[in-house]
Amino acid sequence: MASQIPVVVNGATGKMGREIVKAVSQARDMTLIGAVARNPDVNGQDIGEVIGCGALEVPITNDYESMMAMLSQEKELGVVVDVTHPDAVYGNVRSAIAYGVRPVVGTTGLSAEQIHELAVFADKASTGCLLIPNFSIGMVLLQQAAIKASQYFDHVEIIELHHNQKADAPSGTAVQTAQMLAELGKTFNVPIVEETEKIPGSRGGQSDEGIRIHSIRLPGLIAHQEVIFGAPGQIYTLRHDTSDRACYMPGVLLSIRKVLALKTLVYGLEKLL
Ligand SMILES: NC(=O)C1=CN([C@@H]2O[C@H](COP(=O)(O)OP(=O)(O)OC[C@H]3O[C@@H](n4cnc5c(N)ncnc54)[C@H](OP(=O)(O)O)[C@@H]3O)[C@@H](O)[C@H]2O)C=CC1
Ligand SMILES: O=C(O)C1=N[C@H](C(=O)O)C[C@H](O)C1
């Protein structure tokens, strides 16, 4: 049998983590060797039993550092998939790289400075690291269409809509989309009147690139994004909707396979396609 990629999922009992545990355990070229969760009540329990897909013979641990140490001892290069929380992800990634483990990071909310620091750290360690704000192919296609449209439209705003358990705003995907549009070097949204916000924030947040992002949080939503371009007499709207977190799994598995060959930090799924 060809060599197996040893994989640990951090945030394994969360909404994304449980999907990733299932996808990795079904992938023929990967072996799930660890599942990290924060909740002490599940420590030592079988991850498959906890997430309801049947025993996987992988006990959950609360001890991330020990899991990284164990993964670093595997014969094949190990990968940790991080789907935790904006407050934890920076430390998690530094620690993984310090152990020579390749991080695939779905967790959003890292600042531009933190991303830069992690890139420097990964570079010095010659260790591949993937930061993927959105694992779905549909979002990559939306972003490519938005880049194309931005050559022809001078006005654009982004609306992102998520479930109300999301910790960070705006979404990592919206931040990345604004950055992509700005890479053309164009100035968007030059105001034509002096605006007053009668309710602070009502015009949304403004990205470093001057693109407004509006974040909606409601139960019933999963993850959705609109990029709306305007010009005299026309509106061009691009929209992506997720109805199931299954949409992220092909991108997660692709990222696990691709990170092994990298020696630096790479940001964005589009760079892997
Ligand atoms: N890149 C992508 O395509 C996608 C990215 N995401 C991102 O992934 C992340 C997780 O999302 P989601 O699964 O919905 O979130 P959940 O809240 O459902 O899951 C998060 C998991 O991480 C654990 N966790 C929370 N806080 C910490 C912490 N401080 N330290 C360690 N572990 C922690 C939680 O444990 P406990 O339950 O014990 O608190 C939980 O198991 C978010 O940043 C989200 O934006 C989400 C979807 C797609
Ligand atoms: O929290 C989520 O759910 C999601 N987070 C990512 C983001 O912040 O962009 C990706 C997707 O939007 C789902």
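Pro 170 sits in the loop between strand 7 and helix 7; helices (H or I, at least four residues) and strands (E, at least two) are DSSP runs, numbered from the N terminus. The peptide bond joining Ala 169 and Pro 170 is cis, with omega about 0°.

A quick word on the model: it is predicted, so local features need pLDDT of at least 70 and side-chain atom pairs count only at pLDDT 80 or more, while totals for chains, interfaces and linings use all residues. Residues are numbered from 1 along each chain as its sequence is written, and chains are lettered from A and ligands numbered from 1 in the order in which they are written.

## The annotated active site and ligand 2

UniProt, in an unreviewed entry, puts the feature "active site" at His 162 and Lys 166. Its positions are given in the numbering used here, feature names are shortened, and annotations may be inferred rather than shown by experiment. His 162 belongs to strand 7 (residues 155–162), whereas Lys 166 is in the loop between strand 7 and helix 7 (172–182).

Are these two buried or exposed? His 162 counts as buried because it has 22 C-beta neighbours inside 10 Å. Lys 166 has 19 C-beta neighbours inside 10 Å, so it counts as partly exposed. The cut-offs: 20 or more other C-beta atoms within 10 Å of a residue's own means buried, 12 or fewer means exposed, and in between is partly exposed, with C-beta atoms placed from the backbone. Leaving out residues up to four places away in sequence, His 162 touches Ser 171, Arg 217, Leu 221 and Ala 223 (contact means C-beta atoms, placed from the backbone, within 7 Å).

Both residues turn up again around ligand 2, where the shell is Thr 108, Pro 133, Asn 134, His 162, Lys 166, Ser 171, Gly 172, Thr 173 and Ala 223. A residue is near a molecule if its C-beta atom, placed from the backbone, lies within 6 Å of it. By class, that shell is two nonpolar, six polar and one charged. Here Ala, Val, Leu, Ile, Met, Phe, Trp, Tyr, Cys and Pro count as nonpolar, Asp, Glu, Lys and Arg as charged, and the others, Gly among them, as polar.

## Around ligand 1

Ligand 1 has 25 residues around it, and Gly 11, Gly 14, Met 16, His 85 and Ala 88 come nearest. Helix 1 (15–26) and helix 4 (86–98) are the elements that give two or more residues to this shell. Its make-up is nine nonpolar, 13 polar and three charged residues.

## Helix 4 against helix 5

The axes of helix 4 and helix 5 (residues 112–125) come within 10 Å and cross at roughly 5°, which makes the pair roughly parallel. Axes are lines fitted to C-alpha atoms, for helices over the stretch in contact, with angles from 0 to 180 degrees between N-to-C directions; under 35 degrees is roughly parallel, over 145 roughly antiparallel, 65 to 115 roughly perpendicular and the rest oblique.

Helix 4 brings Tyr 90, Val 93, Arg 94 and Ile 97 to the contact, and helix 5 brings Gln 114, Leu 118, Phe 121, Ala 122 and Ala 125. Seven of these residues are nonpolar, one is polar and one is charged.

## Two positive phi angles

Ser 126 is not a glycine, yet its phi is positive, about 50°. You'll find Ser 126 in the loop between helix 5 and strand 6 (129–131), and it is exposed because 11 other C-beta atoms lie within 10 Å. Glu 57, likewise a residue other than glycine, has a positive phi near 60°.

Notes: Contact = placed C-beta atoms within 7 Å.
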